[in-house]
Amino acid sequence: MSDTPVRTGLPRQRILAVVAVTLATATVSFDSSIPNVALPTIARELGVAGSSAVSIISTYQIILVITLLPFAALAERIGHRRTLRIGLVLFIAGGLLCTLARTLPVLIALRVCQSLGAAAVLSIGAALIRSLYPPRWLGRGLALNALISTATMSLAPTIGGLMLSVLPWYWLFAVGVPTTVAALLLSGLVPESQRRDAPFD
């Protein structure tokens with residue numbers, strides 16, 4: 001199926017595909033900032049300096065920025081839906097394994113896994129929205145997706161603080177797992193893009 005806007009099929013299928021893409025992009029955006037409030041607690045419980053714990057955040061952001069364009073190029077070769085699924089699987093696996101991390105190097109390595117998943121999802125967000133919305137609604141779709149992602153990112157520190165008051169710090173890294181699992185289950189309704197055989201740049 002080409003990456004032109006979907007014009008056939010049940011409206012419900014298209015809505016569920018939009019929900020899948022929105023859940024995926026909103027969750028990975030949310031996860032980028034939720035650990036901020038837990039850095040002092042993580043540093044104390046892992047027995048490391050507070051300045052070292054900051055690498056949990058900075059590593060995630062650096063890997064995300066570095067790999068966005070390579071994942072976008074890869075998606076043109078293997079398809080947008082497949083890239084979305086790969087990203088979601090990496091993000092889910094990283095989040096679940098983070099709950100088992102008890103040393104800083106292991107936690108950072110698992111955050112790299114989560115960041116790679118987030119980069120794969122975010123690199124194709126606009127392309128997926130373009131494939132799901134009719135041309136006359138494309139602006140609304142992009143605006144809605146941006147609004148939800150920004151709102152969830154701004155709520156992350158508050159939700160993280162509330163979770164930290166009742167749960168161990170490591171559960172903050174898995175808070176996005178239920179929504180990304182839901183997105184993965186619904187991702188089969190996302191139209192696949194046309195693959196291109198151009199050399200990988």
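Mentor: Helices (H or I, at least four residues) and strands (E, at least two) are DSSP runs, numbered from the N terminus. This is a predicted model, in which local features need pLDDT of at least 70, side-chain atom pairs count only at pLDDT 80 or more, and totals for chains, interfaces and linings use all residues. Residues are numbered from 1 along each chain as its sequence is written, and side-chain values use heavy atoms, with hydrogens and water left out.

Trainee: Is Val 166 buried or exposed?

Mentor: Buried means under 20% relative accessible area, exposed over 50%, and partly exposed in between (1.4 Å probe, protein chains only). Val 166 has 65% relative accessibility, so the residue counts as exposed.

Trainee: Which class does Gly 139 of helix 8 fall into, by its relative accessible area?

Mentor: Gly 139 has its place in helix 8. Its relative accessible area is 49%, so Gly 139 is partly exposed.

Trainee: How many disulfides does a search of the whole structure find?

Mentor: A disulfide is a pair of cysteine sulfur atoms within 2.5 Å. The search of the whole structure gives a count of zero. For Cys 98, the nearest cysteine sulfur is that of Cys 113, 8.1 Å away, and Cys 98 is in no disulfide. The number of disulfides found is zero.

Trainee: Is Cys 98 buried or exposed?

Mentor: The relative accessible area of Cys 98 is 0%. Cys 98 is therefore buried.
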